[in-house]
Amino acid sequence: MEKKIPYKIYLNEDEIPKQWYNVRADMKNKPAPLLNPATHTPMTFEDLRPVFCDELVKQELDDNTAYFDIPEEIYSFYKMYRPSPLVRAYCLEEKLQTPAKIYYKFEGNNTSGSHKLNSAIAQAYYAKKQGLKGVTTETGAGQWGTALSMACSYFDLDCKVFMVKVSYEQKPFRREVMRTYGASVTPSPSDTTKVGRKILEKYPGTTGSLGCAISEAVEVATENEGYRYVLGSVLNQVLLHQSVIGLEAKAALDKYNITPDIIIGCAGGGSNLGGLISPFMGEKLRGEKNYDIVAVEPASCPSFTRGKYAYDFCDTGMVCPLAKMYTLGSGFIPSANHAGGLRFHGMSSTLSQLYHDGLMRAISVEQTSVFAAAQQFARVEGILPAPESSHAICAAIDEALKCKETGEEKTILFGLTGTGYFDMMAYQKFNDGVMTDYIPTDEELEKSFAELPKVD
């Protein structure tokens with residue numbers, strides 16, 4: 001007799017992973033190294049030290065260590081909100097009348113409202129351990145900035161956040177949460193930095209992008225003694241920390257002998273997607289199991305589905321190292337869509353390599369379809385989802401409806417990165433019927449591709 005699956009599968013506190021998993025250790029084709037923007041030679045530990053914390057640089061460059069022990073101070077912090085639940089979406093299944101079984105890993109059960117806290121607390125810990133005064137960062141929709149401000153408050157570190165201007169204006173309450181936790185928040189691009197002024201001169205009236213905000217945050221970190229830059233996505237170290245999501249999800253599924261057929265994550269820079277899929281991708285890389293892994297990105301910023309696989313700057317100001325990734329070009333300024341956390345021109349080099357090797361697939365969806373899926377989910381599952389992870393919801397619903405047509409009983413797992421309670425302006429536009437879709441033209445993308453750096 002089949003074991004009844006509860007609505008929520010919880011692990012015990014002592015089942016929180018005690019190690020992070022590094023998927024690069026199992027990759028036959030390792031991600032291409034970061035390159036020095038001046039010499040085009042691989043970045044070394046000494047090259048990266050002025051920008052990142054020492055321990056984080058070691059994690060960033062390590063392609064071979066499969067597991068990293070989670071320090072006790074971080075593990076103790078995790079216990080405040082982890083383990084997070086794995087939820088069987090019974091109500092959504094019933095609404096869709098699908099034979100598919102749908103599960104989602106919910107990461108919104110903490111004050112920051114998202115999965116970003118998993119890496120924020122780790123990066124703040126290493127900064128404090130190194131004796132730094134503070135850190136600088138960028139944030140799109142504000143989830144990362146909120147998480148980092150919480151983590152810095154916990155360790156008594158100064159936190160300087162450059163928030164993408166359109167999100168700064170669209171999401172004032174997220175901004176105020178950051179300030180409540182003690183962070184300073186500056187709309188980007190700003191006139192407070194050299195690179196910000198340069199971007200404003202080249203793109204007057206721009207609504208900004210994560211690439212712009214990264215440039216400003218890096219400048220401030222490197223020009224102020226006792227500060228380092230930290231990033232909430234894209235980097236290998238971030239995917240490492242976020243692996244707790246997938247490790248917990250897999251442990252919860254294993255309790256009931258559940259094997260997902262399809263694993264879906266939203267994709268902007270890669271923190272949520274990389275964290276969710278990591279242990280499953282490890283099994284796939286080792287030839288132990290096979291999964292259909294799907295990255296879902298906004299049609300307005302389609303780096304996987306329409307980007308070039310090439311070396312590019314991670315920032316608009318071209319001050320950061322070059323990363324080989326699927327990119328729309330560092331000069332690409334995405335439209336002011338409402339999934340601010342996915343408004344980045346490039347993708348994690350680790351995920352880019354996996355995608356390039358055919359180990360997962362990618363799709364893009366328009367934001368009106370995303371919010372329609374978010375509304376449908378909210379009405380039956382009782383959680384108002386963040387716009388970012390609503391991309392995964394949209395794809396999960398589509399896959400479940402395919403099962404309805406074919407009669408297949410596939411098991412679907414997706415990541416619900418957090419809640420959308422600070423995104424009500426976006427929901428208002430959708431409910432009022434004034435939300436629009438924007439898809440960049442081939443001509444726009446080709447113009448951006450033409451400015452990609454020439455790397456031999």
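Is Lys171 buried or exposed in this structure? The residue is buried, with a relative accessible area of 2%, where buried denotes under 20% relative accessible area, exposed over 50% and partly exposed the range in between (1.4 Å probe, protein chains only). The structure is a predicted model, in which local features need pLDDT of at least 70 and side-chain atom pairs count only at pLDDT 80 or more, while totals for chains, interfaces and linings use all residues. Residues are numbered from 1 along each chain as its sequence is written, and side-chain values use heavy atoms, with hydrogens and water left out.

The overall fold was examined next. The protein has 18 helices and 15 strands; helices (H or I, at least four residues) and strands (E, at least two) are DSSP runs, numbered from the N terminus. The C-alpha trace spans about 65 × 50 × 45 Å along its principal axes. Of the 456 residues, 64% count as buried. Contacts (heavy atoms within 4.5 Å) between residues at least 6 apart in sequence join residues at least 24 apart in 77% of cases. The accessible surface comes to about 17100 Å², of which 50% belongs to carbon and sulfur atoms; accessible areas come from the Shrake-Rupley method with a 1.4 Å probe, and for residues only the protein chains shown count as cover.

Helix α2 (residues 54-61) contributes the buried residues Asp54, Leu56, Val57, Gln59 and Glu60. These residues pack against β2 (19-21), α1 (45-48), β3 (67-69), α5 (117-129) and α11 (236-255).

Charged side chains number 47 positive and 56 negative, and the centres of the two sets lie 2 Å apart. In this count Lys and Arg are positive and Asp and Glu negative, with His and the chain ends not counted; the place of a charge is taken as NZ of Lys, CZ of Arg, CG of Asp or CD of Glu. The structure holds 26 salt bridges, each defined as a side-chain nitrogen of Lys or Arg within 4 Å of a carboxyl oxygen of Asp or Glu. One of these pairs Asp423 with Lys171, at 2.7 Å from N to O. The pair links distant parts of the chain, 252 residues apart: Asp423 lies in the loop between β15 (411-416) and α17 (424-431), and Lys171 in the loop between α7 (165-170) and α8 (172-180). Asp423 is buried, at a relative accessible area of 1%, and Lys171 is likewise buried, at 2%. Salt bridges that share partners also join Arg82, Lys105, Glu107 and Glu248 into one network.

In the bridge between Lys160 and Asp158 (3.2 Å, N to O), Lys160 is partly exposed at 24% relative accessible area and Asp158 is partly exposed at 27%. Arg49 forms a salt bridge with Glu46, the closest N and O atoms being 3.9 Å apart; Arg49 is partly exposed at 31%, whereas Glu46 is exposed at 52%.

Leaving aside neighbours within four places in sequence, Asn272 is in contact with His115, Gly265, Cys266, Gly415 and Thr417. The C-alpha atoms of Ser190 and Phe414 are separated by 36 Å, the two residues being 224 apart along the chain.

The backbone was also inspected. Most residues other than glycine have a negative phi, and most peptide bonds are trans. The peptide bond from Arg82 to Pro83 is cis, with omega near 0°, and Pro83 is found in the loop between α3 (72-78) and β4 (86-88). A cis peptide bond also joins Ser188 and Pro189, with omega about 5°; Pro189 is found in the loop between β8 and α9. Gln97 has a positive phi, near 55°, in the loop between α4 (90-96) and β5 (101-106), and is partly exposed at 48% relative accessible area. Asn257 likewise has a phi near 55°; this residue lies in the loop between α11 and β10 (262-266) and counts as exposed at 72% relative accessibility.
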